[in-house]
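Please read this briefing alongside the sequence and the 3D view.

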Amino acid sequence: RKENSLILLSRLLWRYSEGSRPLVVLYVLAQICARTVSLVGQPYVWSQIYAEVEQHGAHLASSDRLATLLWYTLGIEVLVWIFHAPARIIEQANAFMVRANYRSYMMEGLLTLGLEWHTDHHSADTIDRVKDGTQALYKFSEDSFEIITAITRLVESYFLIVYFNLVSSAIMGAMLVVGFAITIYCDTILLPLYDLIEAAENHVT
């Protein structure tokens, strides 16, 4: 049985980040902080703005507080980017290193194989597979913040629902389990088809 793609790519990202793994931890934590500030801060400030307008109206007497709250929304966005921007820079630099390390490892492995192995395996097919694997790992490493964002929002949103309503959180939990089960089932059907497509592309090239 094949390993889940997300788990496999995450494991390879960690493996080929040797030498800069503390930076990987750093940018992951920074992205989590950025998403947390955005998810919690913006809704809270806007709820205060709506409450202020509802209680006092948008007239001159409440304009100072409204202006302050609106400045808070800008401040939250600035704080989000203080975490997000450096994390993206570190992530991009690490992705470049992961690609170089993975490609170097694969090429060294191929060069150590005997002449008999190379005779039995087409060189173009081997090169294509190394290139495709390297590019896939690079794209994942380069854009891993999207995965971090999705997981962070899912987990934090779920705990917020748990805090406000246990019944709703139980329903959401059941829906998540069903959603994950459907996704895994679809993957078991699609992954062999992707393998066929890849084999066909390698054969054509």
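Of the 205 residues in the protein, 26% are buried (under 20% relative accessible area; exposed is over 50% and partly exposed lies in between, with a 1.4 Å probe and protein chains only). This is a predicted model, in which local features need pLDDT of at least 70 and side-chain atom pairs count only at pLDDT 80 or more, while totals for chains, interfaces and linings use all residues. Residues are numbered from 1 along each chain as its sequence is written, and side-chain values use heavy atoms, leaving out hydrogens and water.

**Overall make-up**

- The protein has 7 helices and 0 strands (DSSP runs numbered from the N terminus, with H or I of at least four residues for helices and E of at least two for strands).
- Read from the N terminus, the order of elements is α-α-α-α-α-α-α.
- Among contacts with a separation of 6 or more, 77% join residues 24 or more positions apart (a contact means heavy atoms within 4.5 Å).

**Helix 2**

- Helix 2 has 36 residues and spans 52 Å from its first C-alpha to its last, close to the 52 Å expected at 1.5 Å a residue (the expected span is 1.5 Å times one less than the number of residues).
- The buried residues of helix 2 include Val24, Tyr27, Ala30, Ala34, Val37, Val45 and Ile49.
- An α-helix has 3.6 residues a turn, so residues three or four places apart point the same way.

**Aromatic rings**

- There are 5 aromatic pairs in the structure (rings of Phe, Tyr and Trp, the last by its six-membered ring, with centres within 6.5 Å; planes under 30 degrees apart are stacked, over 60 edge-to-face, and the rest tilted).
- One of them is the edge-to-face pair of Tyr16 and Tyr102, at 5.3 Å centre to centre and 85° between the planes.
- Tyr16 lies in the loop between helix 1 (5–15) and helix 2 (21–56), and Tyr102 in helix 3 (residues 60–112), so this pair ties together parts 86 residues apart in sequence.
- Both Tyr16 and Tyr102 are buried.
- Another edge-to-face pair joins Tyr158 and Phe159, at 6.1 Å centre to centre with 75° between the planes.
- Tyr158 is partly exposed, at 24% relative accessible area, and Phe159 is exposed, at 54%.
- Tyr16, Tyr102 and Tyr105 are linked into a cluster by ring pairs.

**Charges over rings**

- Arg15 places its charged end over the ring of Tyr105, 5.0 Å from the ring centre (NZ of Lys or CZ of Arg must be within 6 Å of the centre and within 35 degrees of the ring normal).
- The charged end of Arg99 sits over the ring of Tyr138, 4.0 Å from its centre.

**Nonpolar cores**

- The largest nonpolar core has 12 residues, among them Leu12, Tyr16, Val24, Val98, Tyr102 and Phe140 (buried Ala, Val, Leu, Ile, Met, Phe, Trp, Tyr and Cys residues joined through side-chain atoms within 4.5 Å).
- Helix 1, helix 2, helix 3 and helix 5 (123–142) each give two or more residues to this core.
- A second, separate core of 8 residues includes Ile49, Leu66, Leu69 and Ile76.
- Not counting residues up to four places away in sequence, Val98 touches Leu13, Tyr16, Ser17, Leu137 and Ser141.

**Ser169**

- Ser169 belongs to helix 7 (residues 166–204) and is buried, at 4% relative accessibility.
- Its side chain reaches the backbone oxygen of Leu166 at 2.5 Å.
- Leaving aside neighbours within four places in sequence, Ser169 is in contact with Tyr158, Ile161 and Val162.

Key:
Polar contact = N/O pair within 3.5 Å; in protein donor to acceptor, adjacent residues only side chain to side chain.
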